[in-house]
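The sequence and structure are shown first.

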Amino acid sequence: MSSRPIYLDNHATTAVDKRVLAAMLPYFTENFGNPASNSHVYGWEAEAAIKQAREILATAINATPEEIVFTSGATEANNLAIKGVAEAYFQKGQHIITAATEHKAVLDPCEYLKTLGFDITILPVQKDGLIDLTELEKALRPDTILVSVMAANNEIGVLQPLKEIGEICRHRQILFHTDAAQAIGKIPLDVRSQKIDLMSLTAHKVYGPKGIGALYVRRRNPRVQIAPQQHGGGHERGMRSGTLYTPQIVGFGKAVEIALTEQATENQRLTSLRERLWLHLSHLQGIQINGHPTQRLAGNLNISVEGVDGAALLLGLQPVAAVSSGSACTSTNTAPSHVLTALGHSEQLAYASVRFGIGRLNTEEEIDIVAKHAIATIQSLRKQATLV
Ligand SMILES: *Cc1c(COP(=O)(O)O)cnc(C)c1O
């Protein structure tokens, strides 16, 4: 184990917290009942466990338990929100607004809706990664039915102004969806005060298991309609059929509970680790931070490095640090990150970028090791570049 690189890719996924795993285990074996079985204790146990997790999640975002719809993750939640609203409201209008730096799980459903005749506006972002609220206002039309803007970006960690966006949308009676996959447990979220109508969540970015997520769907003021995208036994109030995955749901609840309890202290710790990493790296010339300097996730440092080849940089870092450039979800294709090009970077600079995702298990010592190695790698690549 000690020879494996230091894991600094916590925006791609996180390790399951041991406390989370312990909470999940009984629901695989002893308490394995189907939560929909209402005639015996096996079903009741599972149902009770799911009820508890649903309450934790609802409280975490200031919603009610009936407003939580479990899904397989944030990808499914985004699809359900965007396609579900499109299908339910197409007679009202067929215009949807999103932003250039969204996750593919938002952009691709929007692209798909285009093929069905919907009109999609993709807002540009400013150099710091934030959307421009006046641009948003200008983009709104009488036929706009949905605005989808993420809470926290998975590559550059930038936090969008949810409350301001929510107010603009509510004022015009346009639904507001936010992908909060990277935000849940990391920053305060409040669907009431932030005027959010739909919110996508996932467990595996917050030390919970993979394959479980949720969509918050507002039930009052206004009551949001979504057309189900998966039909069957009518689970989750008909919005998402399929037997609920009790162990994963229990783990999701536990993960969020822990993250909320530790949020303030953990954010302080992560911020100091990030500052430590940047203090080391900023001794080099020609390195810039991508995204807003302070309005960002505590554990995120995304840098662009001038004068090096992106692929060579990642290869050089690999033995010591498990990091990525761009997002894991798109790292199989060779195009530069759409998020970094949206900030106005050249392709070359977008390629020569590294995302450090610092997490719960990282230590100061690890940050020092990674920083030292990154500096040596960059210096050596730059030296080679001047020799040719
Ligand atoms: C990880 C991520 C997703 C996808 O979530 P899954 O649960 O893996 O489907 C969507 N949006 C953002 C911002 C993410 O970081």
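## Axes and crossing angle

A helix axis here is a line fitted to the C-alpha atoms over the stretch in contact, and angles between N-to-C directions run from 0 to 180 degrees. The model is predicted. In it, helix α3 spans residues 74–89 and helix α4 spans residues 104–115. Their axes cross at roughly 30 degrees and come within 9 Å.

Angles under 35 degrees count as roughly parallel. α3 and α4 are therefore roughly parallel to each other. The crossing of α3 past α4 is right-handed.

## Contact between α3 and α4

On the α3 side, the contact is made by T75, N78, N79, I82, K83 and A86. These meet A105, V106, P109, C110, Y112 and L113 of α4. Sorted by class, the contact of α3 with α4 contains 8 nonpolar residues, 3 polar residues and 1 charged residue.

How many cavities of 30 Å³ or more does the structure hold? There is 1. The largest cavity has a volume of about 210 Å³. It is lined by 22 residues, of which K186, Y207, E266, N267 and L270 are the closest to its centre.

Helix α7, residues 246–281, supplies the largest share of the lining of the largest cavity, with 6 residues. By class, the lining of the largest cavity divides into 10 polar, 7 nonpolar and 5 charged residues.

Definitions and conventions: Residues numbered from 1 in each chain as written. Predicted model: local features only at pLDDT ≥ 70, side-chain atom pairs only at ≥ 80, totals over all residues. Heavy atoms only, no water. Helix = DSSP H or I, 4+ residues; strand = E, 2+ residues; numbered from the N terminus. Parallel < 35°, antiparallel > 145°, perpendicular 65-115°, else oblique. Left-handed = near helix turned anticlockwise from the far one by under 90°. Contact = heavy atoms within 4.5 Å. Nonpolar A, V, L, I, M, F, W, Y, C, P; charged D, E, K, R; others polar. 1 Å grid on protein atoms, 1.4 Å probe; cavity = no way out; pocket = protein on both sides within 12 Å on 5 of 7 lines; lining within 4 Å. Points joined across faces, edges and corners; volume = space filled by probe spheres on them.
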